[in-house]
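Subject: Structure for you to look at

Hello,

Here is the structure I said I would pass on. Please open it and keep it beside this message while you read.

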Amino acid sequence: MRVLTGIQPSGDLHIGNYFGSIKQMVDAQKDSDTFAFIANYHAMTSGGKDLSKLTMQCATDFLALGIDPEKSTFWVQSDVKEVLELYWILSSFTPMGLLERAHSFKDKTAKGIAANHSLFSYPVLMAADILLFGSEVIPVGKDQIQHVEIARDIATKFNNEYGDILVMPEFRIQEEVQTVPGIDGQKMSKSYGNTVNIFGEEKKQLKTIKKIVTENVAMEDPKEFINCNVYNMAKLFLEGDNLRALEERYTKGGEGHGHFKIYLGEVMWEYFREFREKREYFQNNQDEVREILKSGALRAKEVAQPLMEKIRTATGIAY
Ligand code: ADP
Ligand code: TRP
């Protein structure tokens, strides 16, 4: 089964990104044909500042966190230019109304972001990303479901005209993944400024953890763990006896939330240790990262090119 995902290179990754998305992708490598690319063309729609640097940072971080180039086809979107050709061809199968109804465009313009054409036509490029590789399953967060539906609508229109050339993709929502809370208890998100980042200095990380909002209970009293933001974060990193032990510390009393925060900091630092080491390796070997991306692009092209040939023939672009 071919599973495809696109990642926008948007800076420092937080633990919400890891548990909500990256870990699923890494786990999927075990039993699926995973295709993962860095969506650098997409990133241009939101300004595209420091794009080249962020693309390399994103590649480095994903390799460190477990994207395995032996198991996954991993590349940068702009290295497979066929996607732009397909984007144009698909544009002719995309009614204006379909794009006018897209939530992400409506939301962004409602927030006052000046609409440009790339923001408007973003779902067509995303459809090209998906359809160019015969992708069957697209794991997405809720905000991206509509984009996969648009890709299906476009594929249907195309196939009605030219026969069954494009594979119909399906979205897969990650139900079992709960929303990771931020330090204020709201959904962790860069845009809320409430993140705990995966990579960074230990001291800085602890400083952030110390800002986690907790209820005010005297040191000696028992504490609730169920709705505690510190516990909810720690739960991501602990299981079995270790989690039970933390719960007991809460109910026993005698320790403050500050103690639990220090414990969370230690557990988290340990959890990401191996990833940090791998990241340092790739940071010191950026040429190797580039090589991995280039050979990923070659593999991606092997899938894209024969399909593009079929599309060119069917549409009469080939003459
Ligand atoms: P942000 O909200 O910080 O800008 P993105 O929108 O770039 O994060 O999210 C990238 C991926 O990480 C998406 O697949 C999204 O579903 C996942 N993700 C982001 N924040 C969380 C969270 N708090 N809990 C679970 N998953 C999350
Ligand atoms: N739009 C996706 C996001 O913002 C990124 C993306 C681009 C993508 N192309 C894709 C995701 C194709 C899945 C499939 O997160």
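Below is what was found, beginning with the whole protein and ending with two single residues.

The model is predicted, so please keep that in mind throughout.

Overall picture

The protein has 14 helices and five strands. Its C-alpha trace spans about 80 × 40 × 35 Å along the principal axes. Of the 319 residues, 50% are buried, where buried means under 20% relative accessible area.

The core

In soluble globular proteins, nonpolar side chains tend to be buried together. Here the largest nonpolar core has 51 residues. Those with the most contacts inside this core are I15, F62, F74, M233, F237, L264 and M268. Helix α3, residues 51-65, gives the largest share of the core, namely seven residues.

Ligand 1

The residues around ligand 1 are H14, G16, N17, G20, S21, Q178, T179, V180, K187, M188, S189 and K190. By type, this shell divides into two nonpolar, eight polar and two charged residues.

- G16 has a backbone N or O atom 3.2 Å from a nitrogen atom of ligand 1.
- V180 has a polar backbone atom 2.9 Å from a nitrogen atom of ligand 1.
- K190 has a polar backbone atom 2.7 Å from an oxygen atom of ligand 1.

On its own, ligand 1 has 540 Å² of accessible area, and the protein covers 71% of that.

Ligand 2

Ligand 2 is surrounded by L4, G6, Q8, F37, H42, Y122, M126, D129, I130, I138 and Q144. This shell is made up of six nonpolar, four polar and one charged residue. Side chains supply these contacts:

- Q8 has a side-chain N or O atom 3.2 Å from an oxygen atom of ligand 2.
- H42 has a side-chain N or O atom 3.5 Å from a nitrogen atom of ligand 2.
- D129 has a polar side-chain atom 2.8 Å from a nitrogen atom of ligand 2.

How much of ligand 2 does the protein bury? Taken alone, ligand 2 exposes 370 Å², and the protein buries 87% of that. Two elements give two or more residues to the shell around ligand 2: β1 (2-7) and α7 (117-131). The largest share, four residues, comes from α7.

Two single residues

D50 has a positive phi of about 55°, although D50 is not a glycine. D50 sits in the loop between α2 (40-43) and α3. Is D50 buried or partly exposed? Its relative accessible area is 45%, so D50 counts as partly exposed: the range for that class runs between 20% and 50%.

I154 belongs to helix α8, residues 145-162. Its relative accessibility is 0%, so I154 counts as buried. The C-alpha atoms of I154 and P95 are separated by 8.7 Å, and the two residues are 59 apart along the chain.

That is the end of the list.

Regards

Conventions:
Residues numbered from 1 in each chain as written. Chains lettered and ligands numbered in written order. Predicted model: local features only at pLDDT ≥ 70, side-chain atom pairs only at ≥ 80, totals over all residues. Heavy atoms only, no water. Near = heavy atom within 4 Å. Polar contact = N/O pair within 3.5 Å; in protein donor to acceptor, adjacent residues only side chain to side chain. Areas by Shrake-Rupley, 256 points an atom, 1.4 Å probe, with all protein chains shown as cover. Nonpolar A, V, L, I, M, F, W, Y, C, P; charged D, E, K, R; others polar. Core = buried A, V, L, I, M, F, W, Y, C linked by side-chain atoms within 4.5 Å. Buried < 20%, exposed > 50% of the residue type's maximum accessible area, 1.4 Å probe, protein only.
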